[in-house]
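Take a look at the chain below. We will go through its overall build, and then through the place where two of its parts meet.

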Amino acid sequence: MIPMTITSPVYLLFVLTGAFVYFITPKKHQWISLLIISVLFYCMAAEPYTIVFIIVSTLIIYFSAIHAKNRSGSGRAAFVITITAVILNSLIWFLFKGSAYWVQLSSFIHTKIPAFPAFGGFPLACALGMSYYTCQAISYTVDCYWGTAEPQKNFFKLFHFLIFFPLLTTGPICRYTTLLPLYEGRSFSLEKMQRGLQRILWGFFKKLVISERFAILVNNVSGNPSYYSGIWGWIVLLSYPIQLYTDFSGSIDIVLGTAEIFGIELPENFNNPFFSQSSQEFWQRWHMSLGNWAKDYIMYPVLKSETVQSVSTNIRKSHGKRAGKLFSLGAGMFFTWLVMGIWHGNYKYILGCGMYYFVIMFLYEALGPSLKKINEFLHVNENSFSWRLFRMVRTYLILSISLIFFLSDGINSAFERIILLIRAFTPSVFNPWIFFNGELLKAGLSDVDFHVIFISLLILILAAILRERHGYARNWVALQGTVFRFLIWIALFLFVLIYGKYGPGYHAADFIYQGF
């Protein structure tokens with residue numbers, strides 16, 4: 001049986017049927033019906049037996065939070081219980097979702113020392129959404145220890161927090177206090193139903209119309225580098241961020257729209273990231289829930305730790321206030337980006353996502369004052385459109401280089417791609433004529449596909465501009481006349497229906513971030 005995906009008609013039917021059951025259930029017991037719906041979804045979307053992993057994680061955080069609370073008078077005991085729970089949940093993730101680390105390490109050691117065994121991964125599948133619910137489990141445990149959340153006494157309610165079905169595919173990562181509305185009863189709202197369906201439709205548009213087309217281009221070119229040489233590499237480099245964004249944010253739109261149908265507001269995960277003028281701003285707009293989680297549970301604890309504070313104080317005394325500040329900030333950033341790289345589940349992400357952005361952001365912090373003085377000396381108008389556009393393009397290119405590691409099979413493969421990009425402008429392979437002689441049509445996309453991409457990107461840019469000015473594009477649409485609103489949503493529906501990549505014989509690619 002093919003697992004149910006959130007872009008399938010079956011999923012939409014499942015959500016609407018689930019919403020009907022949910023709202024006819026007495027308010028006092030609605031959370032129970034939603035829990036049952038979440039378990040049913042899990043069994044339809046993943047290997048049913050893997051639900052045991054979520055149950056085990058729930059048991060760990062359930063007992064650890066209660067026991068830590070009971071021993072709150074003994075700070076040491078509560079701390080040990082909390083750390084043990086964090087380590088156990090992290091270990092489960094490491095053994096299954098993070099298996100690439102120890103499998104690749106053992107293989108490397110085996111090549112150097114043949115007597116050392118090369119391990120294979122566990123024969124069992126890992127749970128759906130393991131990287132996301134593990135972060136939630138850790139945040140709940142730590143919040144209870146810090147006293148910012150009260151331990152949940154009902155095991156099934158806590159289980160519901162981890163298995164709430166929209167979150168299991170691609171997040172967003174939610175704190176326990178954010179999901180407290182799960183346990184509240186609510187009446188049916190036609191407005192929220194409409195807005196939820198609108199958000200789902202927008203997600204379908206991003207995924208099925210835009211991302212799937214870019215996926216064809218990127219996969220065909222990346223899969224045959226000997227044929228697609230020269231400028232083709234740069235086409236992939238600049239196309240993949242759009243594919244990833246429309247894939248990931250499209251899935252989040254579907255998730256948030258699903259939750260909205262049930263009357264539950266989830267945190268945003270994206271906010272026009274390609275409008276960012278720096279990498280710092282980019283990560284405040286991209287995968288926001290992971291960034292916020294890393295700041296709250298990695299960066300701030302590191303910054304406040306006695307060791308970092310002590311060393312920072314010594315550096316301030318000997319090298320000045322700014323040096324001490326840079327050390328503490330650098331320490332916090334280093335461990336934050338290390339964990340964010342590890343979270344993605346492979347050594348290549350530690351380098352391409354973690355350490356890469358750590359170096360860029362730390363250099364920006366260290367050189368910021370000097371760069372500002374250079375701009376002042378050159379009389380750069382930092383408020384001009386051209387300067388802001390330059391910064392946005394620069395941020396996009398920095399992201400594109402990072403994503404080479406996402407596209408590659410490993411670290412060596414990523415560096416090989418980078419070398420090919422540099423060599424793309426040498427006379428022997430430089431081929432700009434592919435833009436004019438029809439070669440682009442040999443990468444798996446037709447002339448119609450390119451026109452659809454062009455129109456879709458214009459719609460995406462328009463929606464992004466409206467979001468910057470009105471909070472959400474649909475807020476602006478809601479202010480328009482009834483006929484105009486109706487025409488916009490019908491047009492978008494027909495556009496997805498006609499130009500979406502789906503149907504018999506076609507399987508939409510799995511969401512990229514579902515793999516994490």
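This is a predicted model: local features need pLDDT of at least 70, side-chain atom pairs count only at pLDDT 80 or more; totals for chains, interfaces and linings use all residues.

Buried area is the accessible area, found with a 1.4 Å probe, that two parts lose on being put together, summed over both.

Start with the whole chain. It has 21 helices and zero strands. Its radius of gyration is 25 Å, close to the 24 Å that the globule rule gives for 516 residues, so the chain is as compact as a globular protein of that length. Along the principal axes, the C-alpha atoms fill a box of roughly 70 × 70 × 60 Å.

Domain 1 covers 9-188. Domain 2 is made of 189-266 + 428-516. The C-alpha centres of these two domains lie 30 Å apart.

How many residues of domain 1 are in contact with domain 2? The count is 28, and they touch 23 residues of domain 2. About 2,000 Å² is buried between the two domains. Carbon and sulfur atoms give 75% of that area. Across this interface the rule finds zero salt bridges. It does find four residue pairs in polar contact, with both residues at pLDDT 80 or more.

Which elements of domain 1 give two or more residues to the side that touches domain 2? They are helices H1 (9-24), H2 (30-45), H6 (130-146) and H8 (167-170). H1 gives the largest share, eight residues. By class, this side of domain 1 has 20 nonpolar, six polar and two charged residues.

Terms used:
Residues are numbered from 1 along each chain as its sequence is written. Side-chain values use heavy atoms; hydrogens and water are left out. Domain bounds come from an automatic or database domain assignment. Contact means heavy atoms within 4.5 Å. A salt bridge is a side-chain nitrogen of Lys or Arg within 4 Å of a carboxyl oxygen of Asp or Glu. A polar contact is a pair of N or O atoms within 3.5 Å; within protein, one must be able to donate a hydrogen and the other to accept it, and residues adjacent in sequence count only if both atoms are side-chain atoms. Helices (H or I, at least four residues) and strands (E, at least two) are DSSP runs, numbered from the N terminus. Ala, Val, Leu, Ile, Met, Phe, Trp, Tyr, Cys and Pro count as nonpolar, Asp, Glu, Lys and Arg as charged, and the others, Gly among them, as polar. The radius of gyration is taken over C-alpha atoms; the globule rule is 2.2 Å times the number of residues to the power 0.38.
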